[in-house]
Amino acid sequence: MKQGLLLVLLAFCLYKAWQDFGPKPTLPPLYNEPYVAVYGRDSCGHTQRLLQGLRQQGMEPHYLNVDDMNIANSLHARMELQNIPSQRYDLPVVDVNASLTIRPTLASVQETFSKQ
């Protein structure tokens with residue numbers, strides 16, 4: 001009995017670890033060319049600073065306002081595909097060529113974009 005419970009517990013732990021650390025499903029890209037898409041709000045200082053920084057660096061990000069329910073629903077579906085919780089999260093959420101990050105720095109967005 002104890003061995004059976006131990007096996008079930010071990011299997012559950014391995015399953016959870018696989019979900020957290022295993023390969024993430026690939027997202028379909030939003031655009032056909034390399035891109036940076038910033039999901040945020042007009043009233044979010046973090047979002048506005050990142051957008052301004054990207055523009056100052058010569059990048060023109062696609063801005064998607066999560067106050068539009070269609071955009072929010074699309075973002076949540078993309079987050080769930082990459083096993084990112086969508087109930088509560090910080091803004092901005094940035095999609096660089098189908099790779100999501102939550103509240104990244106300007107430098108990390110530029111680095112991710114330049115690698116792809």
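View 1. L14 sits in helix α1, residues 2-21. Helices are DSSP runs of H or I with at least four residues, strands are E runs of at least two, and both are numbered from the N terminus. L14 counts as exposed because its relative accessibility is 55%. Exposed means over 50% relative accessible area, buried under 20%, and partly exposed in between (1.4 Å probe, protein chains only). Together, L7, L10 and L14 make a nonpolar surface patch of about 330 Å². Patch residues have over 30% relative accessible area and no salt bridge; nonpolar side chains (Val, Leu, Ile, Met, Phe, Trp, Tyr) are joined within 5 Å, like charges within 9 Å. A salt bridge puts a side-chain nitrogen of Lys or Arg within 4 Å of a carboxyl oxygen of Asp or Glu. Areas come from the Shrake-Rupley method with a 1.4 Å probe; for residues, only the protein chains shown count as cover. This is a predicted model: local features need pLDDT of at least 70, side-chain atom pairs count only at pLDDT 80 or more, and totals for chains, interfaces and linings use all residues. Residues are numbered from 1 along each chain as its sequence is written, and side-chain values use heavy atoms, without hydrogens and water.

**View 2. Strand β3 and its partners.** β3 covers residues 93-96. V93 and D95 point one way, V94 and V96 the other, and all are buried. β3 pairs with β1 (residues 36-40) in the antiparallel sense over 4 bridges. Pairing requires at least two DSSP bridges between the strands. V36 has V96 of β3 as its bridge partner. β3 also pairs with β4 (residues 100-102), again antiparallel, over 3 bridges. Here V93 is bridged to I102. The β3-β4 hairpin has 3 residues between its strands, and N97 takes a positive phi near 50 degrees.

**View 3. The nonpolar cores.** The largest nonpolar core has 14 residues; Y39, V66, L75, M79, L91, V93 and L100 touch the most other members. β1 and α3 (69-81) each supply at least two residues of this core. Apart from it lies another core of 9 residues, including V38, V94, V96 and V109. A core is a set of buried Ala, Val, Leu, Ile, Met, Phe, Trp, Tyr and Cys residues joined through side-chain atoms within 4.5 Å.

**View 4. Surroundings of L100.** L100 touches L27, R78, M79, Q82, I84, V93, V94 and D95, leaving out residues up to four places away in sequence. Contact means heavy atoms within 4.5 Å.
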